[in-house]
Amino acid sequence: MISLIRTDSKNKDFIELVKQLDAFLAITDGDDHDFYNQYNGLDNIKYVIVGYMDSIPVACGAIKQFDAKTMEIKRMFTSEKSRGKGMASKVLVELEKWALELSFERCILETGIRQVEAVHLYKKNKYTLMENYGQYAGIEESLCFEKKLI
């Protein structure tokens, strides 16, 4: 059975999944990991989704306010053994729904060019490439995406 819960960054299952994410990214990001890692703190994220399969936490994601109309998708992850089962899309859709409920109009996100599965996920869910924003401007290894929610 699949379930999604809304929580915050203090959730122990979310914290454990993010540890797995950071270990994965430390390998895929290589020498660039320290640059990206500085923008991925967990302090006080109010809007977190944790996905469960048979009561086991297997996926997560979060949204964080970027500006008055935009939420930024953060900390998307699905455990290796649970990939390919649609969990990431379910988490992403729930984050978008939550952003809409909070009266936001779009979501943006950054992922690395080495995160091929993530790029596929976002394109599959109708995210389009945009100019790199904020701290990612001018970073060739970064890909930024957006999706209008309304």
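Trainee: At what distance does the backbone oxygen of Tyr136 lie from a polar atom of the side chain of Asn132?

Mentor: This is a predicted model, where local features need pLDDT of at least 70 and side-chain atom pairs count only at pLDDT 80 or more, while totals for chains, interfaces and linings use all residues. Residues are numbered from 1 along each chain as its sequence is written, and side-chain values use heavy atoms, with hydrogens and water left out. A polar contact is a pair of N or O atoms within 3.5 Å; within protein, one must be able to donate a hydrogen and the other to accept it, and residues adjacent in sequence count only if both atoms are side-chain atoms. From the backbone oxygen of Tyr136 to a polar atom of the Asn132 side chain, the distance is 3.1 Å.

Trainee: Which other residue has its backbone oxygen 3.2 Å from a polar atom of the side chain of Asn132?

Mentor: Asn132 sits in the loop between β6 (128-130) and β7 (142-148); strands are DSSP runs of E with at least two residues, and helices are runs of H or I with at least four, numbered from the N terminus. Contacts (heavy atoms within 4.5 Å) link Asn132 to residues including Ala137, Leu143 and Cys144. The backbone oxygen at 3.2 Å belongs to Ser142.

Trainee: Does Asn132 count as buried or exposed?

Mentor: Buried means under 20% relative accessible area, exposed over 50%, and partly exposed in between, with a 1.4 Å probe and protein chains only. Asn132 has 19% relative accessibility, so the residue counts as buried.

Trainee: In β7, which residue is the bridge partner of Met130?

Mentor: Two strands pair if DSSP finds at least two bridges between them. β6 and β7 pair in the antiparallel sense over three bridges. Strand β5 (residues 106-112) also pairs with β7 in the antiparallel sense, over seven bridges, with Phe145 as the partner of Leu109. For Met130, the partner in β7 is Cys144.

Trainee: Which strands stand at the edges of the sheet?

Mentor: Seven strands form an open sheet with mixed pairing, in the order β1-β2-β3-β4-β5-β7-β6. An edge strand here has a single partner strand, so one side is left without a neighbour in the sheet; the two are β1 (2-7) and β6.

Trainee: How many of the seven residues of β7 are buried?

Mentor: β7 is largely enclosed by the rest of the structure. The count of its buried residues is five.

Methods
Lists of a residue's contacts leave out its neighbours within four places in sequence.
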